[in-house]
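Dear colleague,

Please find the structure below, handed over for your records. My findings follow it.

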Amino acid sequence: MATFIVGAIITVGLYYALRHVYRNFRMGREDCCGGNCAACSGHCAGGHAVLPKKSA
């Protein structure tokens with residue numbers, strides 16, 4: 001029974017995470033501090049520095 005409960009919790013969590021990613025992609029946004037602070041009006045709320053991406 002516990003397996004089903006844990007599975008349901010994981011399924012709901014994945015649903016909300018994928019919905020978040022899909023909506024951001026559809027709206028052309030990205031999360032703050034995900035690599036481009038310009039998408040967040042130039043601020044990062046995480047309190048840590050974001051290193052510039054290296055081009056390969």
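Which residue takes a positive phi just after α1? Glycine 28 does, with a phi of about 75°. The model is predicted: local features need pLDDT of at least 70, side-chain atom pairs count only at pLDDT 80 or more, and totals for chains, interfaces and linings use all residues. Residues are numbered from 1 along each chain as its sequence is written, and side-chain values use heavy atoms, with hydrogens and water left out.

The protein has one helix and zero strands (DSSP runs of H or I with at least four residues, and of E with at least two, numbered from the N terminus). The end C-alpha atoms of α1 are 38 Å apart, which agrees with the 38 Å that its 26 residues should span at 1.5 Å a residue (1.5 Å times one less than the number of residues).

Of the 56 residues, 5% count as buried (under 20% relative accessible area; exposed is over 50% and partly exposed in between, with a 1.4 Å probe and protein chains only). Phenylalanine 4, which lies in helix α1 (residues 2-27), counts as exposed because its relative accessibility is 65%.

There is one aromatic pair (ring centres of Phe, Tyr or the six-membered ring of Trp within 6.5 Å; planes under 30 degrees apart are stacked, over 60 edge-to-face, the rest tilted). Tyrosine 15 and tyrosine 16 form this edge-to-face pair, at 5.2 Å centre to centre and 70° between the planes. Tyrosine 15 is partly exposed at 48% relative accessibility, and tyrosine 16 is partly exposed at 44%.
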